[in-house]
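Please look over the sequence and the model before reading on, and keep both at hand while you work through the points that follow.

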Amino acid sequence: MEINKVSNFYVFCKKISLNIIGLMCIPPNDKNSKKYFIELYKLNKSLKLDQVSMGMSSDFLEAIQCGSTFVRIGSAIFGDRVTK
């Protein structure tokens with residue numbers, strides 16, 4: 001993750017009056033989500049944002065341990081997606 005690109009994008013969003021409250025990530029499905037969660041949490045704090053959305057049904061506990069304030073746990077509640 002390139003901090004300068006994210007910071008520049010954040011500044012741009014503020015200039016056009018978007019209310020950015022936090023960052024969100026979905027890490028690669030390589031079973032090592034924690035390193036991405038830690039990096040995003042640090043970036044979120046460096047921008048002084050309040051919320052960070054990271055973690056899904058398979059890794060939400062790690063995400064919470066890394067400071068996530070939002071998790072997406074749809075398949076843990078509703079089951080796997082059904083395809084036609």
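Helix α1 is followed by S17, whose phi is positive, near 65°; helices (H or I, at least four residues) and strands (E, at least two) are here DSSP runs, numbered from the N terminus. This is a predicted model, in which local features need pLDDT of at least 70 and side-chain atom pairs count only at pLDDT 80 or more, while totals for chains, interfaces and linings use all residues. Residues are numbered from 1 along each chain as its sequence is written, and side-chain values use heavy atoms, with hydrogens and water left out.

**Positive phi in two loops**

- S17 has this positive phi although it is not a glycine, and it is found in the loop between α1 and β1.
- S17 is exposed, with a relative accessible area of 65%, where exposed means over 50%, buried means under 20% and partly exposed lies in between (1.4 Å probe, protein chains only).
- K48, which is found in the loop between α2 and β2, also has a positive phi, near 60°, in a residue other than glycine, and at 72% relative accessibility K48 counts as exposed.
- As background, most residues other than glycine have a negative phi.

**Helix α1**

- The buried residues of α1 are S7, Y10 and C13; seen down the helix axis, they fall within an arc of 120°, so they line one face of the helix, the arc being that of the directions from the helix axis to the C-beta atoms.
- An α-helix has 3.6 residues a turn, so residues three or four places apart point the same way.
- On the other side of α1, the residues N4, K5, N8, F9 and K15 are exposed.

**The largest nonpolar core**

- The largest nonpolar core has 12 residues in all, namely Y10, L23, C25, F37, L40, L43, L47, L49, V52, M54, A63 and C66; such a core is a set of buried Ala, Val, Leu, Ile, Met, Phe, Trp, Tyr and Cys residues joined through side-chain atoms within 4.5 Å.
- The elements that give two or more residues to this core are β1 (22-25), α2 (33-46) and β2 (51-56), and α2 gives the most, with three residues.
- In soluble globular proteins, nonpolar side chains tend to be buried together.

**The cysteines C25 and C66**

- C25 is buried, with a relative accessible area of 12%, and C66 also counts as buried, at 9% relative accessibility.
- Leaving aside its neighbours within four places in sequence, C25 is in contact (heavy atoms within 4.5 Å) with F37, L40, S53, M54 and R72.

**S33 in helix α2**

- S33 has its place in helix α2 and is buried, with a relative accessible area of 7%.
- The side chains of S33 and D59 are joined by a polar contact of 2.8 Å, a term for a pair of N or O atoms within 3.5 Å, of which, within protein, one must be able to donate a hydrogen and the other to accept it, while residues adjacent in sequence count only if both atoms are side-chain atoms.
- Beyond its neighbours within four places in sequence, S33 is in contact with P27, D59 and E62.
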